[in-house]
Amino acid sequence: MAFMHKQVFRVGLSFFVAFWLGFCSFCQPATAMTEQQKLISEAWRIVSRTYLDETFNHQNWATVRQKALEKPIKDDQTAYTVIQKMLKSLDDPFTRFLNPEQYRSLQVNTSGELTGVGLQIALNPETGKLEVVAPISGSPAEKAGIRPHDRILKIEGFSTENLTLDEAATRMRGPIGSAITLLIERDAGRELEVQLVRDRISLNPVIAELRTSPQGTSIGYIRLTQFNANAPMELAHAISSLEKKGANAYILDLRNNPGGLLQAGIEIARLWLNSGTVVYTVNRQGIQGSFDAFGPALTNDPLVVLVNQGTASASEILAGALQDNKRALLVGETTFGKGLIQSLFELSNGAGLAVTIAKYETPNHHDINKLGIQPDMQIPTESLTREQVGTEADTQYQAAVQLLKKNAVVARG
């Protein structure tokens, strides 16, 4: 009997040891995850918790994580590639990975404010050189006399030859009051060294002018280029200023406006509406929320909105709200058709994710994703220079002017 007890004990002990070793070997990867594996798991969890489509494009999302962690991940760049592959499986171009540089750049663009020299820059497609598009009004760059088409050769002695736009922008940003030297090439190869002192730069996305037609209609022309944090305040200021100057009709130009902050789109719609729903949102549980206008509108004057295939996201929210509430007529082309709402999430190493968390519907419950919003008057887009936009050469703009002249728009906010 004692022998049997001893045998049972030995078998039990052997089983326990085997189980423990097996359990520990199972647990080891979780406790010994590399920083790169942790980053992949972090991105996976964010999508798992927030993504609009609970089927994750009809795939097992847990299996996606398992496959992503199967192979060794040697560095951050490899981890970034793995995360991008995971997100690609969702078949959603708007749910995307942003490396730390891209994430910082996107935050700056939507915040409406940065500290730097105040230059809009681009890479010349023919020469590959870093070129000034325009200095921002009132910025250190404008005050120093930097002009459009100036080439930036060096930033603080560092050649811009192989820099990306984000890298160049990052080097020009810095604390308020700090000095920076740029080497500029102008005209026929003439080089200038320009010294600047960085300052706070406000990004104003609004261009506003009062224009008088031959028939005496005073038209307030407002062009909105993006929906950043400054957009609602700047647009409100523009409308108030144009009202004081005698505007009795408006053209709101949303062409090639890619969108931006959802809340900015909602607040701008409220500037034009006395009442009514601005937009409905629908989350992954199918729960519907709404945002409403509560008035009073800043103006009840007739309004035409210009749209084209580049009118997207928050621009479509605004255009749909004004059209469905019969506050404005839309002129131009069918809009882009981005009816999905993304939220930004920062990862532990400074990278980020843009994740689709909801979809939106216009006040009349039109789901415009991949369909767009149909304008009331279809006018094809022409190839225009920047100087021709909003002029006699701009047929969409001229159609809007004619509508306002004929009082074809009745504002019923």
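How do the residues of the lining of the second largest pocket divide into nonpolar, polar and charged?

## Second largest pocket

The lining divides into seven nonpolar, four polar and six charged residues. Here Ala, Val, Leu, Ile, Met, Phe, Trp, Tyr, Cys and Pro count as nonpolar, Asp, Glu, Lys and Arg as charged, and the others, Gly among them, as polar.

In total 17 residues line this pocket, with D91, D92, L340, N369 and K370 nearest its centre. A pocket is an open set of points on a 1 Å grid over the protein atoms alone where a 1.4 Å probe fits, with protein on both sides within 12 Å along at least five of seven lines; lining residues have an atom within 4 Å of a point. The space in the second largest pocket is about 380 Å³, a volume being the space filled by probe spheres set on the points.

## Basis and confidence

This is a predicted model, in which local features need pLDDT of at least 70 and side-chain atom pairs count only at pLDDT 80 or more, while totals for chains, interfaces and linings use all residues. Residues are numbered from 1 along each chain as its sequence is written, and side-chain values use heavy atoms, without hydrogens and water.

Mean pLDDT (the predictor's confidence in each residue, from 0 to 100) is 86, and 89% of residues reach 70 or more. Residues 1-30 have pLDDT below 50 and zero contacts (heavy atoms within 4.5 Å) beyond near neighbours in sequence.

## Overall make-up

The protein has eleven helices and 19 strands, taken as DSSP runs (helices H or I, at least four residues; strands E, at least two). Of its 413 residues, 46% are buried, meaning under 20% relative accessible area with a 1.4 Å probe, protein chains only.

How values were computed:
Buried < 20%, exposed > 50% of the residue type's maximum accessible area, 1.4 Å probe, protein only.
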